[in-house]
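Please read the following briefing alongside the sequence and the coordinates.

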Amino acid sequence: MSQATFGDDEELFGEAANEMREDVEASLEEAWDALPSADDVWETDADNVLGVLNGLNSALNAGDAEDHLRDAKKWFTMGQRADAFEDADDLEEEIGDLEAAIEDISDAGEQVGELTSTIPALRGTLEDAGPAEDDADDADDEEAEEADADEDDDEEEDEE
């Protein structure tokens with residue numbers, strides 16, 4: 001191999017390493033952008049707890065972030081094994097941070113999913129909880145309703 005070719009190979013390898021780093025950085029940026037925003041997770045327009053939980057569950061979706069992270073890791077691993085990066089500590093740290101964020105989002109989504117299925121059952125339990133109404137209370141309620149209905153009928157007859 002001639003000396004000129006060897007120099008060209010080094011230059012090409014350097015260019016490839018730079019492009020590989022740019023690919024990793026671009027994939028990481030796309031992954032961060034695909035994560036839900038803090039406001040999406042924090043703010044709600046729901047009228048009740050179940051609505052809040054359903055909205056939160058929808059917001060806690062990492063979306064395409066996992067795919068972009070996978071691409072970043074793929075190119076990072078290839079570049080690292082080829083010893084193409086002079087300094088890759090920053091990339092490795094950012095990949096770790098992104099993995100942790102995606103894991104946190106996933107864990108929170110699972111917890112919200114459990115609450116979403118638990119809360120309606122809890123509401124039903126609480127609605128049914130407590131001592132059963134006495135028959136006497138039921139009879140008193142029925143008598144009161146009948147008395148109100150009789151009064152309404154009497155008023156209508158007086159008006160005619």
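**Overall fold**

In this predicted model, 81% of the contacts in the chain between residues at least 6 apart in sequence join residues at least 24 apart.

**Surface and burial**

- Of the 160 residues of the chain, 19% count as buried.
- The accessible surface of the chain comes to about 12,000 Å², and 44% of that area belongs to carbon and sulfur atoms.

**A patch of negative charge**

- On the surface, Asp-8, Asp-9, Glu-10, Glu-11, Glu-15, Glu-19, Glu-22 and Asp-23 gather in a patch of negative charge.
- Glu-19, one of the residues in this patch, has its place in helix α1, which covers residues 3-34.
- Glu-19 counts as partly exposed because its relative accessibility is 48%, and the range for that class lies between 20% and 50%.

- Leaving aside neighbours within four places in sequence, Phe-76 is in contact with Val-24, Phe-85, Ala-88, Leu-91, Glu-92 and Ile-95.
- Phe-76 and Asp-23 are 53 residues apart in sequence, while their C-alpha atoms are 8.7 Å apart in space; Asp-23 is also one of the residues in the patch of negative charge.

Methods: Residues are numbered from 1 along each chain as its sequence is written. This is a predicted model: local features need pLDDT of at least 70, side-chain atom pairs count only at pLDDT 80 or more; totals for chains, interfaces and linings use all residues. Side-chain values use heavy atoms; hydrogens and water are left out. Patches are made of residues with over 30% relative accessible area and no salt bridge: like charges are joined within 9 Å, nonpolar side chains (Val, Leu, Ile, Met, Phe, Trp, Tyr) within 5 Å. Accessible areas come from the Shrake-Rupley method with a 1.4 Å probe; for residues, only the protein chains shown count as cover. A salt bridge is a side-chain nitrogen of Lys or Arg within 4 Å of a carboxyl oxygen of Asp or Glu. Lys and Arg count as positive and Asp and Glu as negative; His and the chain ends are not counted. The place of a charge is taken as NZ of Lys, CZ of Arg, CG of Asp or CD of Glu. Helices (H or I, at least four residues) and strands (E, at least two) are DSSP runs, numbered from the N terminus. Buried means under 20% relative accessible area, exposed over 50%, partly exposed in between (1.4 Å probe, protein chains only). Contact means heavy atoms within 4.5 Å.
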